[in-house]
Amino acid sequence: MAYWILKGILTPILRFFYRVRVEGLQHVPDNGPVIMASNHVSFSDSVFLPLVLRRRITFVAKAEYFEDPKTAWIFRALGQIPIKREGGSASERALTSAREVLQSGGAFGIYPEGTRSPDGRLYKGHTGLARLALQCRAPILVVAMIGTREAQPIGQVMPRLFMPITVRISPPLTFEHFQDRVDDPMVLREITDEVMFRLRELSEQEYVNRYAKRKDAVEGIGAEPAHVAALVLPSLSTEAAAAVVSA
């Protein structure tokens, strides 16, 4: 309920402060499992993608953000869930959480690069995306976020207002012909590379055939609290936005 209340409040506010345009919204199914695979150039990607969709989309975020009720509300309201703590690496626990969303018929958002692009270029994708698609029999919709980096560059808490934002969504990609090869690393790489190729076409980013460096194993799955607070509450100062999530 909190998700839809916050979305109802924030949609007109963000559309006033930003010139938001969405292309390909008709490709998003009204129900059933679907993976939204997006490039990641700004913290604000995790806000603008839910903004334009008619159905709820779920991301996973580090569990630490849900331990303090002063930070947990904003992540739950934005459709994020904590990564499972038990067993395996952080990446595997994230995939476990994602499978639960898809198996319940939900829409799951993921950044195949694993972290934000450090320089605006598109980097090599990780194959967890492909494994999810095959295990859960979920189509993949490629999503290009354009303009979010200019609106909120890395390291800048307060966003730039009245910037143009474009969200481009591809027709669904399905891979039923690979269904019996879910553990084949060559198949997983082929699927992932196809997604990244489509993403490069949609976003018109320069492609870099190596993984982006990241600070920790799950950065880029969610978003930092202060940056999210500053974006969804654009009238706040930097200090006030940070206080929303750290006081």
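Modeller: A word on terms first: a residue is buried under 20% relative accessible area, exposed over 50% and partly exposed in between, with a 1.4 Å probe and protein chains only. This is a predicted model, in which local features need pLDDT of at least 70 and side-chain atom pairs count only at pLDDT 80 or more, while totals for chains, interfaces and linings use all residues. Residues are numbered from 1 along each chain as its sequence is written, and side-chain values use heavy atoms, leaving out hydrogens and water.

Biologist: Thanks! What share of the residues of the chain counts as buried?

Modeller: The chain has nine helices and nine strands (DSSP runs numbered from the N terminus: H or I of at least four residues for helices, E of at least two for strands). Of its 247 residues, the share that counts as buried is 55%.

Biologist: Are the faces of strand E5 covered or open, and which residues sit on them?

Modeller: E5 spans residues 107-110, and both of its faces are covered. The buried residues are Ala107 and Gly109 on one side, and on the other Phe108 and Ile110.

Biologist: Which residue of E5 is the bridge partner of Met36?

Modeller: Strand E2 (residues 34-38) runs parallel to E5 and is joined to it by four bridges; strands pair if DSSP finds at least two bridges between them. Strand E3 (residues 57-61) also pairs with E5 in the parallel sense, over two bridges, with Thr58 bridged to Phe108. For Met36, the partner in E5 is Gly109.

Biologist: How are the rings of Phe59 and Tyr111 arranged: stacked, tilted or edge-to-face?

Modeller: The structure holds six aromatic pairs (Phe, Tyr or Trp rings, the six-membered one for Trp, with centres within 6.5 Å; stacked under 30 degrees between planes, edge-to-face over 60, tilted otherwise). One of them joins Phe17 and Phe162, with centres 5.9 Å apart and planes at 45°, so that pair is tilted. For Phe59 and Tyr111 the centres lie 5.7 Å apart and the planes are at 25°, so the pair is stacked.

Biologist: Which residue just after helix H5 takes a positive phi?

Modeller: H5 covers residues 128-136 and is mostly covered itself, with seven of its nine residues buried. Among them are Gly128, Leu132 and Cys136. The positive phi, about 50°, comes just after H5, at Arg137.

Biologist: Last one: leaving aside neighbours within four places in sequence, which residues does Arg189 contact?

Modeller: Arg189 is found in helix H7 (residues 185-203). Its relative accessibility is 18%, so Arg189 counts as buried. With contact taken as heavy atoms within 4.5 Å, and those sequence neighbours set aside, Arg189 touches Lys124, Gly125, Thr127 and Tyr211.
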